[in-house]
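Subject: Structure for your review

Dear colleague,

Please find below the structure that I am handing over to you.

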Amino acid sequence: AEKHAGMSCVTASMDDIQFEEAARVGQIISIRTKVNRAFKTSMEVGIKVTVQDVLTNAEKIVSVAYATYVAKPVGAEKVELKPVQLLSAEDHLEHSLASERRRIRLGYVQVFQKLMQESNKEGAFYTCEEKDAVSTKHTHVKSTELVLPPHANHHGNTFGGQIMAWMQTVASISASRLCRSHPILKSVNMFKFWGPSFVGDRLVFNAIVNNTFHNSVEVGVRVEAYNCEEWIKDQPRHINSAFLTFNAVSDKGELLTFPRVKP
């Protein structure tokens with residue numbers, strides 16, 4: 001992103017991330033990135049992650065993801081970006097698809113906001129009447145992390161990937177309280193940065209199971225940041241939220257069933 005913009009860039013959001021394969025110790029991971037399209041003030045960067053087994057030389061796709069970046073403005077004005085130079089048929093295809101993905105992403109946000117407004121109406125809430133339903137109360141996990149220099153990029157902002165790693169940890173613990181096994185991350189949805197965090201900030205992660213779907217479970221994670229003054233005054237900044245989906249397998253490799261939950 002910075003190579004295309006010619007200046008510092010920051011992550012605005014990540015499209016939904018699906019994990020097709022698990023990368024294990026001893027395997028070689030390759031990460032390839034490319035700017036697919038530059039819009040007026042934002043750009044889409046495609047990310048392809050593959051894993052190679054050193055013994056068999058077989059290469060498999062771990063994940064294909066799309067990140068939205070914006071140039072970091074010096075003043076109050078947003079920075080306009082130059083168009084991407086298209087050199088191949090693949091470039092042209094990704095350029096067209098980037099526009100469609102952006103349209104879907106913006107529509108996705110609007111649909112979600114509408115659902116939230118409808119669900120907040122008085123009396124519009126879900127109740128589970130199943131006798132064996134498990135309360136989600138004991139799946140709540142809270143964690144606090146101090147952002148240190150190794151956790152930040154060259155701007156002093158916390159790495160988005162570091163935040164995602166911390167989110168995955170608390171979400172995995174939350175999910176494990178239902179499956180009583182080691183959950184496997186399958187997707188990360190609606191991962192958007194609402195604001196930055198910096199070296200010295202305290203990040204508070206709250207995770208809880210939202211719902212179960214037979215062989216999978218959705219965990220919601222909310223991230224709030226505090227500097228020293230905000231910490232004393234208890235004035236958090238909401239910087240990120242995401243929904244992580246897990247499943248779990250038995251020793252025989254069979255998918256485990258999650259119990260129904262009561263919010």
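Arg101 is buried, with a relative accessible area of 15%. Please bear in mind that this is a predicted model. The partner of Arg101 in a salt bridge is Glu94, with 3.0 Å between the closest N and O atoms. Glu94 is likewise on the buried side of the 20% cut-off, because its relative accessible area is 16%.

Over the whole structure, the search finds ten salt bridges. Another of them pairs the side chains of Lys34 and Asp91, again at 3.0 Å from N to O. Lys34 belongs to strand E3 (residues 28–38) and Asp91 to helix H2 (residues 89–119), so this pair ties together parts that are 57 residues apart in sequence.

Turning to the domains, the assignment gives domain 1 as residues 1–106 and domain 2 as residues 129–262. Their C-alpha centres are 23 Å apart. In the contact between them, 14 residues of domain 1 meet 13 residues of domain 2. About 1,100 Å² of area is buried between the two domains, and carbon and sulfur atoms give 49% of that area.

What kinds of polar pairing cross this interface? The rule finds zero salt bridges between domain 1 and domain 2, but it does find seven residue pairs in polar contact, with both residues at pLDDT 80 or more. On the side of domain 1 that touches domain 2, strand E1 (9–14) and strand E2 (17–18) each supply at least two residues. E1 gives the most to that side, with six residues.

Finally, I looked at the cysteines. Cys9 is buried, with 6% relative accessible area, and Cys179 also counts as buried, at 12%. The number of disulfides comes to zero, the rule being that two cysteine sulfur atoms lie within 2.5 Å.

With kind regards

Definitions and conventions:
Residues are numbered from 1 along each chain as its sequence is written. This is a predicted model: local features need pLDDT of at least 70, side-chain atom pairs count only at pLDDT 80 or more; totals for chains, interfaces and linings use all residues. Side-chain values use heavy atoms; hydrogens and water are left out. Buried means under 20% relative accessible area, exposed over 50%, partly exposed in between (1.4 Å probe, protein chains only). Domain bounds come from an automatic or database domain assignment. Contact means heavy atoms within 4.5 Å. Buried area is the accessible area (1.4 Å probe) that two parts lose on being put together, summed over both. A salt bridge is a side-chain nitrogen of Lys or Arg within 4 Å of a carboxyl oxygen of Asp or Glu. A polar contact is a pair of N or O atoms within 3.5 Å; within protein, one must be able to donate a hydrogen and the other to accept it, and residues adjacent in sequence count only if both atoms are side-chain atoms. Helices (H or I, at least four residues) and strands (E, at least two) are DSSP runs, numbered from the N terminus.
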